[in-house]
Amino acid sequence: MAAPKGMVMMFNVAQRLVHWLHTAAFAVLMVTGVIIYVPWLGASLGAGEGGYAIRLVHRVGAVAFMLVPIVYVILSPQELVAAMKRIFTWSKEDLGWLRAAPAYYFLGDEEAMPPQDKYNTGQKLFYLVVVICMLGFIVTGLVMWFGKGLVPLWAFRWSVFVHDLCTIAYAAFFLVHFMLSVMHPLMKGAIDGMLFGWMPEDYVKHHHAKYYEGLRETRD
C-alpha cells in the first residue's frame, strides 16, 4: 500500500491488533482485579454469584492476556523480533533521554533531547515492564488459578505477592504511557500510529529522528 502524502507507516495491522488486544485484556484484568483485591469492593460486588461472575471475567481476561504474545508470534514474527531487539538495545542516547526527559516533558525544552529510534527510551522502559510483568503475571496467575492446595503455601503466598507487585508496576507505567500518548501536547500524532498505522512524517522526523534517518537511507 502506497504511503499517504506526508505520512510514515509505523505499525502494521498485526501490531495494532496485538496492541489493542493487550490493552483490552489488561483493562478487564485491572477492573476485575481491583474488585477482587479491595476489601470493601469485594464485600459488596465480589460476593455470591456476582463474585463468581467477576472471577470468571477475570480469568477470561487472563486467557486473552496470555494469547497476546502467541498472536504476535503467529501474525508478525519478524516485527516481534525487531521490537524485542529495539527494546533490549540501549545506548548513550538512552542515558541522554533520561537526563533530558524532565525538562522535555514538564517544560517543553527539546534542546537536549537526543535523536530517538522507533521507540523512545520511555517507551522502551514501558515495554520492558510489559515483557517482565507479563511473564510474572502468567507464572503467578497460573499458580494462583490451578496451584492452590497443590503447591506449598509459601509458594502460593509469594505468587500472590509477586502478582500484586507486577500489577502496581504495570498499572503505573500503563497510566503514564496512556497520558503521554493521548494527553501530552508534545505527543500529538503518537496515537495515530496505533489507530491507523500511519504517523505524520513531520512528527516521526521530530520525535523519532534516528528511526526516520534509517528509513530515508533504506529508501535511498
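**A nonpolar surface patch and the interior**

Tutor: Leucine 17 is found in helix α1 (residues 13-37); helices here are DSSP runs of H or I with at least four residues, strands are runs of E with at least two, and both are numbered from the N terminus. The model is predicted, so local features need pLDDT of at least 70 and side-chain atom pairs count only at pLDDT 80 or more, while totals for chains, interfaces and linings use all residues. Residues are numbered from 1 along each chain as its sequence is written, and side-chain values use heavy atoms, with hydrogens and water left out.

Leucine 17 counts as partly exposed because its relative accessibility is 47%; buried means under 20% relative accessible area, exposed over 50%, and partly exposed in between (1.4 Å probe, protein chains only). Together with Val63, Leu67, Ile70, Ile74 and Leu75, Leu17 forms a nonpolar patch on the surface, with about 540 Å² of accessible area in total. Patch members have over 30% relative accessible area and no salt bridge, and nonpolar side chains (Val, Leu, Ile, Met, Phe, Trp, Tyr) are joined within 5 Å. A salt bridge is a side-chain nitrogen of Lys or Arg within 4 Å of a carboxyl oxygen of Asp or Glu. Areas come from the Shrake-Rupley method with a 1.4 Å probe; for residues, only the protein chains shown count as cover. Helix α3 (residues 48-75) gives the largest share of the patch, five residues.

The largest nonpolar core has 41 residues, of which Met10, Phe65, Tyr170 and Val204 touch the most other members. Helix α6 (residues 121-146) supplies the largest share of this core, eight residues. Such a core is a set of buried Ala, Val, Leu, Ile, Met, Phe, Trp, Tyr and Cys residues joined through side-chain atoms within 4.5 Å. Leaving out residues up to four places away in sequence, methionine 10 touches Gln15, Lys118, Gly197, Met199, Val204, His208 and Tyr211, where contact means heavy atoms within 4.5 Å.

Glutamine 116 lies in the loop between α5 (92-107) and α6. Glutamine 116 counts as buried because its relative accessibility is 6%. The side chain of glutamine 116 reaches the backbone nitrogen of threonine 121 at 2.9 Å.

For the whole chain, buried residues make up 37% of the 220 residues.

Methods:
Patch = residues over 30% accessible without salt bridge, like charges linked within 9 Å, V, L, I, M, F, W, Y side chains within 5 Å. Polar contact = N/O pair within 3.5 Å; in protein donor to acceptor, adjacent residues only side chain to side chain.
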